[in-house]
Amino acid sequence: MPTALYPGTFDPVHNGHIDIATRAAGLFEHLTVAVYARPLKNLLFDVQERQAMIERALSHIPNLSVVTYNELTVDFARHIGADAIVRGLRVISDFELEFQMALIQKKLAPEIEFVCLMTSQEYAFLSASTVKEVAMLDGNVDFMVPSQVAEALRAKFKGPGNGADVVRLVSLRD
Ligand code: ADP
């Protein structure tokens with residue numbers, strides 16, 4: 001049975017990611033969830049924090065491991081011998097981006113397949129940016145993330161010098 005890589009930023013992991021990882025682990029012999037250390041994004045959590053939160057959230061799945069990486073995703077997939085790269089799709093704009101990425105990555109590593117899983121309906125609205133924005137404004141994120149992630153978000157945004165400067169305000173943008 002083939003193995004797969006599920007790469008992402010996971011800043012932080014939320015229920016939509018957990019749903020995709022759980023379903024992908026059911027399709028492959030082994031799933032490696034890989035946390036990209038240095039994306040071109042403002043990060044709220046460092047790579048170890050992001051990895052630890054995913055490990056806790058998915059520790060009940062035996063054929064799943066969580067690692068960090070810092071290279072081209074297809075190169076990393078090759079290094080670990082993954083047969084496929086899994087991504088999640090929510091909206092049309094996700095498709096355009098993933099399609100472009102998949103075509104480029106297929107050129108770089110033709111032997112690796114790209115598998116996109118559709119979001120479950122209840123998570124279609126969820127993104128890490130939304131989670132951070134709601135948490136920053138002291139809203140309830142309990143239905144979006146595991147309780148340990150909700151606690152970590154509260155801790156980040158508590159007090160002066162908090163993480164607010166790295167949160168992109170999605171709902172307020174023009
Ligand atoms: P990126 O890797 O683009 O920085 P994320 O780390 O937020 O994005 O997400 C990793 C993967 O999980 C991506 O394929 C993304 O489309 C997918 N994903 C994010 N949120 C959801 C969701 N609510 N439902 C399904 N898939 C999702």
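Predicted model: local features only at pLDDT ≥ 70, side-chain atom pairs only at ≥ 80, totals over all residues.
View 1. Lys132 touches Asp11, Pro12, Asn42, Leu44, Leu153, Phe157 and Val167, leaving aside residues up to four places away in sequence; contact here means heavy atoms within 4.5 Å. Lys132 belongs to helix H5 (residues 128-136), where a helix is a DSSP run of H or I with at least four residues, numbered from the N terminus. Lys132 counts as buried because its relative accessibility is 9%, with buried meaning under 20% (1.4 Å probe, protein chains only).

**View 2. Lys132 and Asp11, side chain to side chain.** Look for the polar contact between these two side chains, at 2.9 Å; within protein, such a contact is a pair of N or O atoms within 3.5 Å, one able to donate a hydrogen and the other to accept it.

**A note on the model.** Residues are numbered from 1 along each chain as its sequence is written. Local features need pLDDT of at least 70 and side-chain atom pairs count only at pLDDT 80 or more, while totals for chains, interfaces and linings use all residues, and side-chain values use heavy atoms, without hydrogens and water.

Definitions and conventions. Helix = DSSP H or I, 4+ residues; strand = E, 2+ residues; numbered from the N terminus. Buried < 20%, exposed > 50% of the residue type's maximum accessible area, 1.4 Å probe, protein only.
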